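Student: Could we go through this structure together? I'd like to know what the labels rest on.

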Amino acid sequence: MNNSKIIIIGAGLSGLVTAYLLQKKGIEVLVLEANITIGGRIQTLVETNGTSIEMGATWFGKQHPNLLEFLAELDLDYFKQHTKGTSLFETMSFVPPQKFEIPDSDEPSYRLVGGTSSLIEKLAASIGLENIKTDTKICTIRENGDQIEAKDSLENSYFAQKVIVTLPPNLAVNTIVYHPQLPQPLLNLAQNTHTWMGESIKFALAYTTPFWREKQYSGALFSHVGIITEMYDHCTFDTKGFALKGFLNGGTNVLSKEERQSKVIQQLVQCFGKEAENYTAYHEKVWRDEALTFFPYEDLVMAHQNNGHDLYQKSFLNDKLHFAGSETATQNPGYMDGAIVAAQTISSKLK
């Protein structure tokens with residue numbers, strides 16, 4: 001039997017920020033994470049040469065003030081996304097790509113120096129690894145007198161005064177059994193709430209040189225015809241690591257990794273030349289295959305559908321159960337900024 005004042009389910013950004021903010025208020029927390037790693041939809045791969053490559057959350061901007069303020073609090077640096085040079089837009093398969101320049105006047109996107117996982121690492125160090133338990137999949141949450149009990153897949157029980165579930169809502173109601181059962185309106189809502197990035201396929205290619213920059217290309221590619229639908233320069237802040245990174249057509253999840261990789265290289269060679277074949281590594285992440293992140297919808301769900309709904313701001317099981325994943329946020333739900341907002345909202349309510 002384990003006792004903790006507040007249990008947080010999920011060690012993604014919202015869960016870790018919630019733990020961080022509650023600890024600042026002097027509240028004891030225990031974060032339980034089903035995966036063997038922390039970070040949720042933040043996942044930074046590091047090549048042997050130090051190139052950091054994002055397979056999850058990457059960009060943010062001035063429209064995300066809560067995240068920017070939080071990065072300042074944690075003293076984490078960020079840099080402007082590289083867009084200088086000629087960008088490409090493939091409109092039809094039988095004509096060459098259109099060339100255009102992204103104006104400097106456009107609102108810039110930013111990336112974290114050292115990769116987005118530096119945010120996760122900073123939070124984990126502050127919270128303390130002794131307060132984060134990985135490889136712990138919660139299957140049951142039960143009201144138990146004046147406490148609430150979370151039981152994992154190995155039948156270990158964790159007791160607290162409150163439990164905060166920070167998983168995407170659809171995942172939270174389909175992979176955890178609640179006693180007593182949650183209200184039907186909440187269950188219906190959660191099953192029709194979009195999980196941001198759930199349908200995304202992200203890919204990246206590492207190179208020994210930024211050949212596209214040398215040819216005056218920005219690295220940005222947008223396409224209506226190829227497997228790559230959107231791509232950007234992904235070089236490191238110090239320009240010592242070189243990569244391209246973007247999104248693949250979500251429908252290509254039915255293909256094998258090798259088939260997708262072949263189509264990616266073919267498209268890049270057509271757009272940038274034979275140098276595109278000289279990559280040192282190919283990475284991809286099919287987020288719909290991540291069972292600890294994405295649960296399939298029963299019906300058609302649109303992007304951001306039901307994100308930030310009023311019902312997620314309420315508590316359940318006699319004020320012992322709260323939901324605070326990014327999709328519940330009242331501002332920028334689904335994004336990193338939304339994760340910060342959700343954490344700030346729930347932590348402000350608890351004493």
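Student: Why is Cys 271 called buried?

Tutor: Buried means under 20% relative accessible area, exposed means over 50%, and partly exposed is in between, using a 1.4 Å probe and protein chains only. Cys 271 has 7% relative accessibility, so it counts as buried. Before we go on: this is a predicted model, where local features need pLDDT of at least 70, side-chain atom pairs count only at pLDDT 80 or more, and totals for chains, interfaces and linings use all residues. Residues are numbered from 1 along each chain as its sequence is written, and side-chain values use heavy atoms, with hydrogens and water left out.

Student: And what about Cys 139, is it buried, partly exposed or exposed?

Tutor: Cys 139 is at 25% relative accessibility, so partly exposed is the label. Asn 49, at 47%, is partly exposed too.

Student: Which residues of α7 are buried, and why do we say they line one face?

Tutor: Arg 260, Gln 261, Val 264, Ile 265, Gln 267, Leu 268, Cys 271 and Phe 272 are the buried ones. Seen down the axis of α7, they fall within an arc of 165°, so they line one face of the helix. That arc is taken from the directions from the helix axis to the C-beta atoms. Exposed residues Glu 258 and Gln 270 sit on the face turned away from the buried side.

Student: What does α7 lie across?

Tutor: α7 (residues 257-272) lies across β7, β16, β17, β18, β19 and β20. Contact here means heavy atoms within 4.5 Å. α7 runs at about 125° to β20; axes are lines fitted to C-alpha atoms, for helices over the stretch in contact, and angles run from 0 to 180 degrees between N-to-C directions.

Student: What makes β17 and β18 a pair?

Tutor: Two strands pair if DSSP finds at least two bridges between them. β17 and β18 have two, in the antiparallel sense. A hairpin of four residues joins the two strands. β18 and β19 also run antiparallel, joined by five bridges.

Student: So why are β8 and β20 said to stand at the edges?

Tutor: The open sheet has seven strands, in the order β8-β7-β17-β18-β19-β16-β20, with mixed pairing. β8 and β20 each have a single partner strand, so one side of each is left without a neighbour in the sheet. For β8 the partner is β7, joined to β8 by four antiparallel bridges.
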